[in-house]
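Subject: Handing over the structure

Hello,

Here is the structure I promised to pass on. Please open it first, then read my notes below.

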Amino acid sequence: MPRPTSFLPLISSSSSSSSAIATTSTTYSKDEKSRKPFISTSTANARIPLLVFCFVSLTVGLAGIIFAVSALRRPRPLPVFRCGRTQDTFRAFYSLSNRQPDILDRPKVLGFVGIQTGFSSANRRSAVRSTWFPSDPDGLLRLEQATGLAFRFVIGKSKDVKKMTELQKEVDKYKDFMLIDVWEEYLNLPHKTLAYFKAAFELFDADYYVKADDDIYLRPDRLSTLLAKERSHLLTYIGCMKKGPVITDPKMKWWKIAFLFEKSGHLIGNEYFLHAYGPIYVLSKEVVASLAAARNNSLRMFNNEDVTIGSWMLAMNVHHEDNRAICDPRCTATSIAVWDIPKCSGLCNPTSRLKELHKMGMCSKSPTLPPDDR
């Protein structure tokens with residue numbers, strides 16, 4: 001009889017194959033499972049820089065929006081820096097402190113008085129502040145409101161760090177300076193004077209601009225009265241007028257500067273033309289507007305500041321108004337500016353003389369107008 005076919009090995013083989021297939025399948029599945037987390041981690045890592053970039057961009061955008069909104073809502077600061085690096089420290093103080101909210105960009109005044117001073121004149125400024133010039137910002141503001149005149153000490157800059165540091169302390173204390181962008185040197189006075197008039201014209205809308213030295217005794221109320229007078233000439237130059245020979249005698253005080261003038265000013269000769277004494281003089285708005293518009297190198301400079309200004313006035317065909325009340329050697333019922341003419345260009349020993357004059361009733365307490373003119 002034929003032997004029955006045995007299926008056992010086949011089944012066994014089949015089982016082995018199935019087992020192998022299952023094993024292979026299981027192995028593949030494990031490989032798949034092991035691969036999936038790897039792919040997922042790599043994708044997540046790739047997204048991190050993108051998320052960081054989006055966050056940074058969002059932060060920068062929000063910061064920009066906040067800054068723009070705050071800038072639009074913030075009140076416009078008073079532009080006290082003009083004409084190079086010129087600064088009116090008085091208006092800067094009121095602008096930052098918000099104590100005078102109605103202060104104007106270029107205030108309209110009857111006159112602006114720039115008191116020319118230097119780094120070695122701290123004692124003079126102290127004497128001036130203890131006499132006719134207010135020693136605090138509120139007092140200076142009251143004087144301006146009462147007379148229509150704005151007053152500032154005018155000073156340039158120095159390469160000496162110590163001098164600049166000391167000046168900054170004084171500025172912070174009194175706030176009564178106009179700082180102009182010019183080197184502070186005696187032989188540079190014509191350049192400083194031009195820089196002063198340009199800066200004053202930019203910062204103030206005045207009918208008159210006054211140049212005064214820090215060694216004279218001044219009556220602001222009487223100066224205001226003088227400037228308030230009606231005049232038929234728009235181009236006006238007010239001062240204590242003089243003319244005469246150029247000083248060449250070595251024994252005379254200003255011979256060296258005059259000699260330099262003669263050397264560089266050969267176009268004029270040996271005699272000065274009509275011009276105002278330097279301690280104080282006044283220019284009308286129209287005159288200063290022309291100076292402000294002129295290029296610095298288009299104007300001839302001499303060593304003497306008052307001679308330089310006088311030469312410009314000749315070229316501009318201004319009206320010379322001679323007024324002896326602004327060069328009075330003693331206090332009277334009509335004196336506007338007192339100084340020791342012609343002995344000194346200003347007061348001799350000004351630190352003590354200013355205080356002596358201020359103690360005199362005729363100097364500090366006499367009425368603005370004499371009895372006959374009231």
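Asn317 sits in the loop between α10 (305-316) and β10 (319-322). Helices (H or I, at least four residues) and strands (E, at least two) are DSSP runs, numbered from the N terminus. This is a predicted model: local features need pLDDT of at least 70, side-chain atom pairs count only at pLDDT 80 or more, and totals for chains, interfaces and linings use all residues. Residues are numbered from 1 along each chain as its sequence is written, and side-chain values use heavy atoms, with hydrogens and water left out.

Phi of Asn317 is near 60 degrees, a positive value in a residue other than glycine. Asn317 is exposed, as its relative accessible area is 65%. (Buried means under 20% relative accessible area, exposed over 50%, partly exposed in between, with a 1.4 Å probe and protein chains only.) Lys175 also has a positive phi, near 55 degrees. Its place is the loop between α5 (161-174) and β5 (177-183). Pro342 belongs to the loop between β11 (337-338) and α11 (350-359). Why point these out? Most residues other than glycine have a negative phi, and most peptide bonds are trans.

**Cores**

The largest nonpolar core has 48 residues. (Such a core is a set of buried Ala, Val, Leu, Ile, Met, Phe, Trp, Tyr and Cys residues joined through side-chain atoms within 4.5 Å.) Trp132, Phe151, Leu223, Leu227 and Ile280 have the most contacts inside it. Strand β4 (residues 149-157) gives the largest share of this core, four residues. Another core lies apart from it, with 32 residues, among them Ala150, Tyr209, Met241 and Ile309.

Leaving aside neighbours within four places in sequence, its contacts include Ile115, Phe151, Leu354 and His358. (Contact means heavy atoms within 4.5 Å.)

**Helix α3**

In helix α3 (residues 122-129), the buried residues are Arg125, Ala127, Val128 and Arg129. They pack against β4, α5, β5 and α11. The axes of α3 and α11 are 9 Å apart, at an angle of about 5 degrees. (Axes are lines fitted to C-alpha atoms, for helices over the stretch in contact, and angles run from 0 to 180 degrees between N-to-C directions.) That makes α3 roughly parallel to α11, a term for angles under 35 degrees. From α3, Asn123, Arg124, Ala127 and Val128 make the contact; from α11, Pro350, Thr351, Leu354 and Lys355.

**Salt bridges**

How many salt bridges does the structure hold? There are 22. (Each is a side-chain nitrogen of Lys or Arg within 4 Å of a carboxyl oxygen of Asp or Glu.)

- Arg152 bridges to Asp88, with the closest N and O atoms 2.7 Å apart. Arg152 is in strand β4 and Asp88 in strand β2 (residues 86-88), 64 residues apart. Both are buried.
- Asp176 pairs with Arg129 (2.7 Å, N to O). The pair links the loop between α5 and β5 to helix α3, 47 residues apart. Asp176 and Arg129 are buried.
- Arg231 meets Glu321 (2.8 Å, N to O). Arg231 is in the loop between α7 (220-227) and β8 (236-245), Glu321 in strand β10, 90 residues apart. Glu321 is buried, at a relative accessible area of 18%.

Finally, salt bridges that share partners join Arg106, Lys108, Asp205, Asp207 and Lys285 into one network.

Best wishes

How values were computed. Angles under 35 degrees count as roughly parallel, over 145 as roughly antiparallel, 65 to 115 as roughly perpendicular and the rest as oblique.
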